[in-house]
Every structure is written in C-alpha cells, then in structure tokens.
Amino acid sequence: MSLICRKAFLLERCKPFLQPKRLKSKINVQKPKAPHHEKATFLAFTKPIFLNPNYEKRPIELCTKGEQLWKKDEDNPFQRIIAGELLRWFQSSRLVVFYHMNPMSSDDQFKAYALFQKQKMHFKNYGKETLRMALEGTPYESVLDFYISRNMIVFSPELEVKKLLKVSKKFPQLILLAAIFEGKFISKDELMEYSLIPNLQTAQAGLVQTLDRVGSNLIQNLNSQQNILVGQLQERAKQLEEK
Amino acid sequence: MNIRTLSNLLLKTYKTPPLIQICGFKHFPAPPSYDHIKMPDRTKLTIIEKVPQYPPGLRPPKMQKRLRYMRGAETLHNFLLYKQYGIVALTGGRLKWIHFEMMRLAIGRAMDTQRMFALWRVDAPWQPVTKRGQGQRLGGGKGAIDHYVTPIKAGRVILELGGKCEYAEVQDFLHKVAMKLPFKAMAVSHQMLEKIRLKEEEDERNNVNPYTMKYVIQNNMGGCHRWLSPFDLKWFCKHT
C-alpha cells in the first residue's frame, strides 16, 4: 500500500545521504607527491599532441639563414629625405645617364667622380629602395627596371654628351645602359648618335641639306646627260691636244 | 656521358646563389617615448611589517594551516596593473617577512629611483604559523605563534616595477630576486605575459588529442572520480 502511494507521488524528493570526505594527507606544495600508477596513466594518455606545422615544407622554406639579410626598414625618415632629393635631381637635370657598375675600387670610383665633377656633372650612387621611394608613380618609373645589380647615375645640367662619353670611356667598369635626354628616354645607340652632332648650326645645315636633296637630285638627273657629253668632249679635246 | 659533362650537370643543379654584399641606409630610430608614464610620489617599496597590528587587548589568534590558500591558480591578482614589468609566482608557496626584506633591499639597491618605481602586489604577512619548540613532546595544546606568512597561489604577481625604462634594464635584478624566492618565480614583462596567454590558447586549439584531462574528468572516464581529489576535480590535475 505504502509502496503504491510512494509510486503515485512521482514528484517525491530524494534526500541523499551525505558523508563528508576528510582528506587526511597534507600536501607539500613545493615537493608534490608523484601520482599513483592509474593517475600517471591518465596524465600520460591525456598529454597534448601537436601536429608538426613543418611536416610538408621543403628545406628551402624552412631555411632561416637569409632572413636577417633581407630584413627591410619599415620607414626610414632619412631615406625618404634622400628620395625626395633624388626626384628633384631627375626633374632639374637635362641629361640623366644610367650605368651598370661592375666592381671597381673606391679609388677608381673617386677618379670617375672627380672627372665628372670637372665637367660639372654629378656622379651618384643610389640603392633600389631609395629609387623606388623617389620614382614610384612618377613618369620616371621605368628606370627601376635597370636596377638589377649595382648601378650609377650621372646627372648633367647641360647637354654635353661628347664630354660625358669621353669620361666614361676611361672606366670600362661603367657600362652605359640608357639615358634621359631632355625628358625623353633614349637608348645607348641613340645617345651615340646625339654625340655625333657637333653643334646646332651644323645640325640645321644638315636638315637644310636633307630638305634640299630632293630638288638637287632632280636637277642632277636632268643635267646628267649634258654633263656626261661635256666630259667626254673635254677628254677628246685633251687627246687631240696631246697629238 | 663522360665525367666532365656529368660534373658540369651536377654543378649546375647544386650551384649556390651568389650573394652580393650591399650596404643599406643607416636607420637610427627615435628612442621610445615615456610621456604616458606618470611617476608616483613614493617610488621605493614600502617596509613590510613582521607582525600584523591587532587592536590592543586582543590576543593574536592562532590559525590552522589552511594549505588551500596555496593550492590552485590565482584568478584575481594575476595581471600587471601598470602593464610594465614584475615578478610572477609559477607555483604556490609562502612568503615570510625575511623574503619581503630581501626583495625590498635588493630592488631598492638595483633600481634607479629617479626613473623607476616599484610596488607590492601581495599583503603583509598575516597568517600565523605556530611551532611547538624543538624537542617538545606531543600534546599540551597547539604551539605558540612563531612567525607570520603570506600564502601565494600559482600565477600571483608578487611585485611590480614600472617607470621610464626598458625590460632589458630591469630583467637582470628582477630575475635575481625571483630566483631567491621560496617558490618558483620568474621576472616578466606585460608583453611576455600576453605571449604566454596567447600560446596557451593556441595550444588548446591546436591540440589534436581529443582526450584532455578536462574532458576525461568531466565525463568520469575510467571511473576517475573514485581516486580524484576535490582539487583535481576543480583544476583538472593542472595544479597540486
């Protein structure tokens, strides 16, 4: 009867019998007890396992040898100033010549600098990073393609191509790549052509001659038969005189 | 294929890349600015009392060992208030007055009071530790109070050091002081603590083992609740 009554009361509360557990052993915080076998097994079993992130990487990706070498400055204020100066050099000089520089001693470098200085030309050396800072976004951006190895630049306020070539001939380590002539990119061959022009008057005379050439050719063609006849008659007269 | 062509082929494949030595721009970055740091009035560590002050007439009460004050991890005082440098306890322990004096004098001597300041992050010794007396037999009640201690939990910041200085300057003497403490401790900077926290979180995420102690205990796997202590149930066997 009582059982049925109890079962009828489905919401009967269970009063658990509580017995507090008193730990007898005192722990030593500095020298903790070694865990017993079962606990040690559990600890070993639950040790974290990490997959090696370098498992499928090639040795070249893992190599950290050159990292320090290629570390770049985030922002170098001094470099920014120099880059600004460089851009002003580009804008103010009429002739800018680009050289590839093979290894040369500082003595030779200084000699080149001195010789250029005598012609009032400025022999300068800049790094690619500085050049990139100065010329990115400007019309001079294609100059960055020259900068693979060591390079030198000569800025000239005057268009003295012959004198420049004369100086650079003395230094075989400086290999001329290209130039900017009055704001226009020109190749090495074009620069050589420009050097052959002596001065403005001669160039003008040459232009006039080219323009005249058509007319003079026509006159020549028209008079050619008469000239030949005249020549032959003169020869014949000479022959008769000799007789 | 003769030897010459073979050697040429090998040289081509295993040629080392040429290294061109270049010198870059000199970069002298500006020194770090300490404008945001406000120096307090008292820069040196205060003198810690050996015995706590009780109201007159009150007999200093004796106390049980209460080792629970040393067990587990510190949840409240485990970060640097001034976010600079300090000493952190790696395990639990007790600090006596003599340890306080050692720290106070060592740091007072080593630090530059014009640029740096230090402060305590623990209470003065308050927990009485009783001793029976050497050679005494058992019985006759609890022993007399011998000295007072401060219980420390793992992860607690013991003291903090701040000011217009870099970690490299203070690391040396902070480490020396940390090594002299009666428990494992280390000299830290705010960045180091952040790094440690991040690494812990990363390890938790990258752990491939699906069975962590936490999972095993929470699911009573292998009937581990039979032999686990209440502290293990709370701290998942991480601390003693």
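How many helices and strands does chain B have? Chain B has 6 helices and 7 strands. Keep in mind as you look around that this is a predicted model.

## Chain B at a glance

Walk along chain B from the N terminus and the elements come up as α-β-β-α-β-β-β-β-α-β-α-α-α. Buried residues account for 37% of its 240 residues. If you take the contacts in chain B with a separation of 6 or more, 79% of them are between residues 24 or more positions apart.

As for the surface, chain B exposes about 16200 Å², with 56% of that coming from carbon and sulfur atoms.

Chain A has an average pLDDT of 88, and 89% of the residues score at least 70. Within chain A, helix 1 (residues 2–8) has the lowest confidence, with a mean of 62, while helix 2 (residues 37–45) has the highest, at 96.

## Where the chains meet

On the chain A side, 30 residues are in contact with 33 residues of chain B. Together the two chains bury about 2700 Å², and carbon and sulfur atoms give 67% of that area. A:Ile27, A:Val29 and A:Phe42 are the chain A residues that lose the most area to chain B, together 21% of what that side buries.

How many salt bridges does the rule find across the interface of chain A and chain B? There is 1. B:Asp232 and A:Lys39 meet through their side chains in a salt bridge, at 2.7 Å from N to O.

Both chains also contribute to a nonpolar patch on the surface, formed by A:Phe45, B:Tyr211 and B:Tyr215, with about 300 Å² of accessible area together. B:Tyr215 sits in helix 5 (residues 213–218) of chain B, and it counts as partly exposed because its relative accessibility is 39%.

## Salt bridges within the chains

Over all chains, the structure holds 14 salt bridges. One of the pairs is A:Arg94 with A:Glu182, at 2.8 Å from N to O. This pair links distant parts of the chain, 88 residues apart: A:Arg94 is in the loop between helix 4 (77–92) and strand 1 (95–101) of chain A, and A:Glu182 is in the loop between strand 4 (174–181) and strand 5 (184–187). A:Arg94 is partly exposed at 35% relative accessible area, and A:Glu182 is partly exposed too, at 44%.

Over in chain B, B:Arg115 forms a salt bridge with B:Glu169, with the closest N and O atoms 2.9 Å apart. B:Arg115 lies in the loop between helix 2 (97–110) and strand 3 (116–120) of chain B, and B:Glu169 lies in helix 3 (residues 167–180), so the pair ties together parts 54 residues apart in sequence. B:Arg115 is partly exposed at 29% relative accessibility, as is B:Glu169 at 34%. There's also a network in chain A, where salt bridges with shared partners join A:Glu129, A:Arg132 and A:Glu136.

## A buried serine

Is A:Ser168 buried or exposed? A:Ser168 counts as buried, because its relative accessibility is 9% and the cut-off for buried is under 20%. You'll find A:Ser168 in helix 7 (residues 161–169) of chain A.

Leaving out residues up to four places away in sequence, A:Ser168 touches A:Tyr99 and A:Phe116. A:Tyr99 is 69 residues from A:Ser168 along the chain, and their C-alpha atoms are separated by 9.4 Å.

Technical notes. Residues numbered from 1 in each chain as written. Chains lettered and ligands numbered in written order. Predicted model: local features only at pLDDT ≥ 70, side-chain atom pairs only at ≥ 80, totals over all residues. Heavy atoms only, no water. Helix = DSSP H or I, 4+ residues; strand = E, 2+ residues; numbered from the N terminus. Buried < 20%, exposed > 50% of the residue type's maximum accessible area, 1.4 Å probe, protein only. Contact = heavy atoms within 4.5 Å. Areas by Shrake-Rupley, 256 points an atom, 1.4 Å probe, with all protein chains shown as cover. pLDDT = per-residue confidence, 0-100. Patch = residues over 30% accessible without salt bridge, like charges linked within 9 Å, V, L, I, M, F, W, Y side chains within 5 Å. Salt bridge = Lys/Arg side-chain N within 4 Å of Asp/Glu carboxyl O. Buried area = accessible area lost by both parts, 1.4 Å probe.
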